[in-house]
Amino acid sequence: MSESADARGKGSAALVQSVDRAVTILELVARNGEVGITEIAGELGVHKSTASRLVSVLETRGLLEQLKDRGKYVIGFGVVRLAGAATERMDLPRLGGPYCDSLAAELGETVNIAIRDHDVAINISQARGTAAVTAHNWVGQRTPLHATSSGKVLFAHSPEEDREDLLNEELQQYTARTITDPEELRKEFQAIVRDGFATSYEELELGLNAAAVAVYNHDGGVIAALSASGPSYRFSRRRMRELVDAMTVASKELSAQLGYLES
């Protein structure tokens with residue numbers, strides 16, 4: 001092994017060790033409520049100066065806060081922020097279920113809520129309307145971002161670097177209508193962000209059309225997509241507009257429940 005490779009290996013191991021120690025500190029403080037540097041150093045088996053450096057980083061990121069009167073540390077609001085983001089995702093099926101039910105009853109179609117998981121969308125809630133022609137259960141199903149209306153909403157609102165990484169990968173062609181050209185998708189994403197909705201016309205399955213709108217969280221980020229799908233003969237472009245209007249009202253109400261304040 002070369003000296004440079006050996007140095008990289010040692011640097012990587014040191015980074016992993018620092019991360020492990022930082023997590024241990026957070027767990028220790030969470031367990032005890034408030035902890036001093038001496039206790040932290042003892043738990044980690046390191047010198048107090050090393051413990052102080054780790055705590056300083058965590059304090060800078062808002063994950064720990066120091067009690068000025070006693071000098072001990074408690075969990076900071078940064079942890080609350082991270083926990084809130086996780087809670088939102090866990091709350092979505094519970095909060096979103098009634099909206100799926102009411103929309104499905106109003107539209108007569110199948111309504112879903114989906115979240116992004118890396119390079120796919122996962123449906124977490126579903127309700128079927130009286131006009132739904134199939135009993136397909138999409139809950140738990142992983143669907144492609146580029147070939148579904150929900151996926152396109154989540155794809156379009158992803159960070160640019162993340163979005164470009166996915167566009168540089170080979171995109172699967174599901175039907176003759178599936179859009180796989182990166183430049184065409186970029187243009188569509190711009191329209192989705194501008195217009196507030198996405199559509200899919202037989203891009204995942206022949207005979208299946210869908211429309212989706214974004215669901216926002218407390219800090220204005222897109223956390224999920226709310227969609228309605230049905231047979232292409234009933235989901236005309238004119239009807240899509242009607243569906244989008246109804247879904248937009250529902251998504252705004254759901255977003256408000258998640259703490260989103262529309263400007």
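A charge counts as sitting over a ring when NZ of Lys or CZ of Arg is within 6 Å of the ring centre and within 35 degrees of the ring normal. Here, the charged end of R237 does that with the ring of Y201, at 4.0 Å from its centre.

Before going further, some housekeeping. This is a predicted model, where local features need pLDDT of at least 70 and side-chain atom pairs count only at pLDDT 80 or more, while totals for chains, interfaces and linings use all residues. Residues are numbered from 1 along each chain as its sequence is written, and side-chain values use heavy atoms, with hydrogens and water left out.

Now the overall picture. The protein has 8 helices and 8 strands, which are DSSP runs numbered from the N terminus (helices are H or I, at least four residues; strands are E, at least two). Of its 263 residues, 44% are buried; buried means under 20% relative accessible area, exposed over 50%, and partly exposed in between, with a 1.4 Å probe and protein chains only. As for contacts (heavy atoms within 4.5 Å), 54% of those with a separation of 6 or more link residues 24 or more positions apart.

Next, have a look at S227 in strand β8, residues 222-231. With 6% relative accessibility, S227 counts as buried. Leaving aside residues up to four places away in sequence, S227 touches T110, V111, N112, S149, S150, A211, A212 and M247. With S150 there is also a side-chain polar contact of 3.3 Å, meaning a pair of N or O atoms within 3.5 Å; within protein, one must be able to donate a hydrogen and the other to accept it, and residues adjacent in sequence count only if both atoms are side-chain atoms.

On to the rings. There are 2 aromatic pairs in the structure: rings of Phe, Tyr and Trp (its six-membered ring) pair if their centres lie within 6.5 Å, with planes under 30 degrees apart called stacked, over 60 edge-to-face and the rest tilted. F155 and F189 make a tilted pair, 4.7 Å centre to centre with 45° between the planes. Because F155 lies in helix α5 (149-156) and F189 in helix α7 (182-195), this pair ties together parts 34 residues apart in sequence. F155 is buried at 2% relative accessibility, and F189 is buried at 3%.

The Y216 and Y260 rings are stacked, because their centres are 5.0 Å apart and their planes at 20°. Y216 belongs to strand β7 (208-216) and Y260 to the segment after α8 (237-257), so parts 44 residues apart in sequence are tied together. Y216 is partly exposed at 25%, and Y260 is partly exposed at 22%.
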